[in-house]
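Biologist: I would like a close look at one part of this protein. Please take me through the disulfides, then the parts around them.

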Amino acid sequence: MGSSPLLSFLVLTSLMFLFVNPSHSSEYDAAQEPAPPFTSRKISRNSEKVTMSLYYESLCPYCSSFIVGPLAQVLETDLMTILNLRLVPWGNAILDSNNTIECQHGEDECYLNIIHTCAINLWPDLKKHFNFIKCIEKQYKAPDRNGAEESWEVCSGKLRLPPQSIKKCYDSGHGKKLVLQNGKETDHLRPPHEYVPWVVVDDTPLLDDYVNFIHYVCKAYKGKSLPKTCSSHPNTSINKDTSLQSACHASEAMSGDSSGKHQMKMEPLA
């Protein structure tokens, strides 16, 4: 009889464990937790690597050219051994008083900004989400371009990435929460961004010399041995003749001068 209280205690403890311990949930279920407030969002930094952040919007032609050109090329070099590259889709978008997102190049841009953001969240591996985003940019800018939704669906098929994950991210509203975090981060830049592409290397904006980002990354690196890419890309300063030096200006979005500026509609994917 003396052992009865102990036995009862063990049985009760086991029952509590069964009720409290949750069943296995899917990977995406965990991702559907509300995005943390901006103040708690920290930029992941590697003490040995230089962090470069690209603030952009999906349908700015100069952002697109920068992504499919210089950035895509550098991903195939040894510069990536010292570079932590971040993509932050939002650009010159505006959140109005009704909590509606307005984008400089129309509803498709608002939509694709979220699709890009979902990809970054779902596939943290840089090459995986970068190749997806690069593919969308190429698809959409082609002369016989597809629509915004068809563009990313074609890319998910080419890269064998599950389209259901992107659809769930968008339809659930999780993607909008994430892109709003990008908006807060962009709006908190100091100095404020004036246009996109807006490239920041270890908290230093490159302004209109962003095309020479390799020079600045190599200069910021504090490690012992520089990659070969650094010696093969000397600083060329600002090349005013290249189309990459053009930009989509925030002032045009703010003033409403951009003819493509529209409100975003949060419609479920088919």
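Biologist: Is the link of Cys135 and Cys155 left-handed or right-handed about the S-S bond?

Modeller: The link of Cys135 and Cys155 is left-handed, with -90 degrees about the S-S bond. Keep in mind that this is a predicted model. The two sulfurs are 2.1 Å apart. Cys135 sits in helix α5, and Cys155 in helix α6 (residues 148-158). The pair links distant parts of the chain, 20 residues apart. Cys155 is buried, because its relative accessibility is 0%. Cys135 also counts as buried, at 13%.

Now the other bonded pairs. The whole structure holds 5 disulfides. With the bonded cysteines numbered in sequence order, the pairing reads 1-10, 2-3, 4-7, 5-6, 8-9.

Cys103 and Cys110 form one of these disulfides, with sulfur atoms 2.1 Å apart. This link is right-handed, at 115 degrees about the S-S bond. Cys103 has a relative accessible area of 1%, so it is buried. Cys110 counts as buried too, at 2%. Asn113 is in helix α4 (residues 107-122). Cys103 is among the residues that Asn113 touches, leaving out those up to four places away in sequence. Asn113 itself is buried, because its relative accessibility is 2%.

Cys218 and Cys230 are joined as well, S to S 2.0 Å. Their link is left-handed, at -90 degrees. Cys218 lies in helix α9 and Cys230 in helix α10, so the bond ties together parts 12 residues apart in sequence. Both cysteines are buried. Leu79 is in contact with both Cys218 and Cys230. Beyond four places in sequence, Leu79 also contacts Val74, Ile214, Val217, Pro227 and Thr229.

Leu79 leads on to the core. The largest nonpolar core has 34 residues, and Met52, Leu71 and Leu79 touch the most other members. At least two residues each come from β1 (50-56), α3 (61-74), β2 (83-89), α5 (126-141), β6 (198-201) and α9 (213-220). Helix α3 gives the largest share, 6 residues. Another core, of 27 residues, lies apart from it and includes Trp90, Ile101, Leu112 and Ile136.

Strand β6 deserves a look of its own. Trp198 and Val200 are buried on one side, and Val199 and Val201 are buried on the other. In short, both faces of β6 are covered. β1 and β6 run antiparallel, joined by 4 bridges. Val200 is the bridge partner of Ser53. β6 also runs antiparallel to β7 (residues 204-205), through 2 bridges. There Val200 is paired with Pro205. β6 and β7 make a hairpin with 2 residues between them. Asp202, in the turn, has a positive phi of about 45 degrees.

Cys63 is buried, because its relative accessible area is 2%.

Last, confidence. The mean pLDDT is 81, and 70% of the residues reach 70 or more. Residues 237-244 fall below 50, with 14 contacts in the model beyond near neighbours in sequence. Residues 258-270 stay under 50 as well, and there the model has 46 contacts beyond four places in sequence. Where pLDDT is low, the predicted coordinates should not be read in detail.

Technical notes
Residues are numbered from 1 along each chain as its sequence is written. This is a predicted model: local features need pLDDT of at least 70, side-chain atom pairs count only at pLDDT 80 or more; totals for chains, interfaces and linings use all residues. Side-chain values use heavy atoms; hydrogens and water are left out. A nonpolar core is a set of buried Ala, Val, Leu, Ile, Met, Phe, Trp, Tyr and Cys residues joined through side-chain atoms within 4.5 Å. Buried means under 20% relative accessible area, exposed over 50%, partly exposed in between (1.4 Å probe, protein chains only). Contact means heavy atoms within 4.5 Å. Two strands pair if DSSP finds at least two bridges between them. pLDDT is the predictor's confidence in each residue, from 0 to 100. A disulfide is a pair of cysteine sulfur atoms within 2.5 Å.
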